[in-house]
Amino acid sequence: MSLSSTVEWWDESKLRVLVLSSLSLQYFLAIFAFGRRFSVPSWYRFLIWLSYLGSDALAIYALATLFNRRNNQQCNSAPGSRDIEVVWAPILLIHLGGQPFITAYNVEDNELWSRHIVTTISQVTVAVYVFWKSWSSSAEKSLLAAAVLLFFLGSAKCLEKILAFKGASFNSLASHSEPAQSKRTTTRDREKELEEYVQQARDSIKAIHPPLVDDSMEQLILPDKLFVDSAYPYSDRVRSLKFFFLLDDQTAYWSLKRGVSIVFNLLYTKYESTYTMLKGSMLCSICTWEITIVVSIVSISLFHCSHKNAYSRSDIVVSFVLLYGTFLLDIISTLTLLSMTGSVVKQTSNIVAQHSLIGFCVNTGIRRFMKPCHSSQKPSHSSEDISSLIRRYVLCGWKEFITDAESYRKFNDVRGQWTLQRKQCDERLGWSLERPFDESVLLWHIATDFCFHQKDTPRSNQCANRCREISYYMMHLLFVNPDMLMAGSRRNLFRTACDQLNEILTCDAYSNKTELTQKLIDKLKSKEGSKETFIHDAWQLAEGLMDIHDETNMWEVIQGVWLEMLCFSASRCRGYLHAKSLGAGVEYLTFVWLLLAYAGMETLPERLQRTYRTHLSQEKKQQLQNRGEETRKESSSQNQGIEQVLKKDGNVADPPSLQVMGLHSQEETVATASASKDEGTAPVLDEIVVVVH
């Protein structure tokens, strides 16, 4: 085939190829886009992303081709072909409306809903213009009726997509929250409300009966407000807490997966109320499906009734494929929705990502560790087990630690201190928790590996396995998602620790992680190298842990610290970051965050809205007053001396000129002078009273 004949074939068949390719991408998204909520390979996610962008690009390019064909007077199409090709324009609009399960690929797409309005208006305008200018007056009325129906359907699909973007934007979600109280509340009132909430929650915990198995989950709070950092009323939280702790472990974990799935649908799909049926959304969706199916059937019937002899066979085949293919897309969406309703437990992944600092060194050498995006450990499937441990930890906190508002806030602020105090290890190990949080995570991560290999802990030890899994997950957050670990976490700590390992170990490759760890421990025991490194500090921590003679007790200490660290990290992560992670496969930290909310723990907005009242001691007040009097006397004597000097020169300055020269004794000057005389010492606070809004 010559080049000229190829070009001629492409000019004639380009539009058919484009519309069929657009339909193929819609099928790909309808079938495979649902899997992006799981932990899937990067190449799978890349294909979804490419199809998501390419589907709109192909449809727009096909519309542009239709527009250009109208101006091409030397079109080689068969007589009447242009009439049937114009019917494809509304079908392309339907494709631009997208698939129900992937309205947004990233959470940022929802925030650009106003831009999508302009884009959609331009697309609909081009489609209508092409249809109006290209439609022949001699064309059949049945084709015209089918095209008009499809135009209404395509425009409705595009409008539905815009509404889905707008409804999932954070401003819209926040605006749907309950209005703030208009009455003035004092600090004492808010403190009283918190005290009442704590007491009601404790009473509910005491009244817990044997575990309840209930699939309705109507008593649990809907997590949509959490993702926009909005607080729930105390009454709702007490009801949710009581119901959550009535559930058995498996049902409680199912409720977490359900909550994550609801928010995923809210942010990334058109079926935001599939399970809740709020505000008639489910009924509205069913009506939309019915209208879509009816319009598709009517359009297909009208096309069958038309006289197709005037059109080319290729265009007729393409038209049938487009009409029937678009109709089947709606059927597939309906069936997928039904499968979602019946198998919600399978919609989110059980995977807990794993990263190990020492694991990066195995088989690659310390200088050539793996890429940051590649995990050095196989992912764990123990999310349900870890969630059960966290649930028991919070329940224990309600029973043994929390007694009032102050202890409630303290419990939400611990990151390992409570475990060390209960196990009487705070004097030996407490120093490791006084460092920045990301450094504490790094130290305990390395120390956990040291304890595991030095003690020759069997792999059947479930407590040790849970400790290592949480440790590796926290390292994953530090290395891959430091913003979710905690604001200000430093990813380069991983690189720094690797460089320090390079100084301690030789550059030889090791056959396995156990051999490398044992070699590292031997060198640390021999006191080789500098001691001011994360590795040496981690070994010092590991020695303190191994001084606990009972190995079972040692692993209980490590497990308790890791559970507190995990909860500490989850409760300080913004809702926006949790929402963003849902589009990339769901971080396990989101499960922990939702579990804490269900269990009645303090949320991030409550923590940020705490107010502080500071009181100076009476002794300090008297000291400040005495300094002020001394400063005024000194300032007055200085002013008198300057006046005497000026009088000798025959030019006595009036008070305003002294003020211009800055030689006045106002309260600001007194405060500055007193502060400087105190050598920068800050006032001593008699007490700090913390309250919440």
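At what angle do helix α11 and helix α14 pack, and how far apart are their axes? The points below begin with that matter; please bear in mind that the model is predicted.

1. Packing of α11 with α14. Two packed helices are described by the angle between their axes and the distance between the axes. For helix α11 (residues 249-268) and helix α14 (residues 383-400), the angle is about 105° and the axes lie 10 Å apart. Helix α11 is therefore roughly perpendicular to α14, since angles of 65 to 115 degrees count as such. On the α11 side the contact is formed by D249, Q250, A252, Y253 and L256, while α14 contributes S383, E384, S387, S388, R391 and R392. Sorted by class, this contact of α11 with α14 comprises 3 nonpolar, 4 polar and 4 charged residues.

2. Helix α19. This helix has 19 residues, and the distance from its first C-alpha to its last is 26 Å, close to the 27 Å expected at 1.5 Å a residue. Of the 19 residues of α19, 17 are buried, so the helix is largely enclosed by the rest of the structure. At its start, a side-chain oxygen of N461 comes to within 3.1 Å of the backbone nitrogen of C463.

3. Residues with positive phi. Most residues other than glycine have a negative phi. D456 has a phi near 50°, a positive value in a residue other than glycine, and is placed in the loop between α18 (437-454) and α19 (462-480). V586, likewise not a glycine, has a positive phi of about 70°; its place is in the loop between α25 (575-582) and α26 (588-598).

4. Accessibility of these two residues. Is each of them buried or exposed? D456 counts as exposed because its relative accessibility is 63%, and exposed means over 50%. V586 counts as buried because its relative accessibility is 12%, and buried means under 20%.

5. The surroundings of S489. This residue is found in the loop between α20 (482-485) and α21 (492-504). With 13% relative accessibility, S489 counts as buried. A polar atom of the S489 side chain lies 2.8 Å from the backbone oxygen of M486. Residues up to four places away in sequence being left aside, S489 touches D438, L478 and P482.

How values were computed
Residues numbered from 1 in each chain as written. Predicted model: local features only at pLDDT ≥ 70, side-chain atom pairs only at ≥ 80, totals over all residues. Heavy atoms only, no water. Helix = DSSP H or I, 4+ residues; strand = E, 2+ residues; numbered from the N terminus. Buried < 20%, exposed > 50% of the residue type's maximum accessible area, 1.4 Å probe, protein only. Polar contact = N/O pair within 3.5 Å; in protein donor to acceptor, adjacent residues only side chain to side chain. Contact = heavy atoms within 4.5 Å. Axes fitted to C-alpha atoms, helices over the stretch in contact; angles between N-to-C directions. Parallel < 35°, antiparallel > 145°, perpendicular 65-115°, else oblique. Nonpolar A, V, L, I, M, F, W, Y, C, P; charged D, E, K, R; others polar. Expected span 1.5 Å × (residues − 1).
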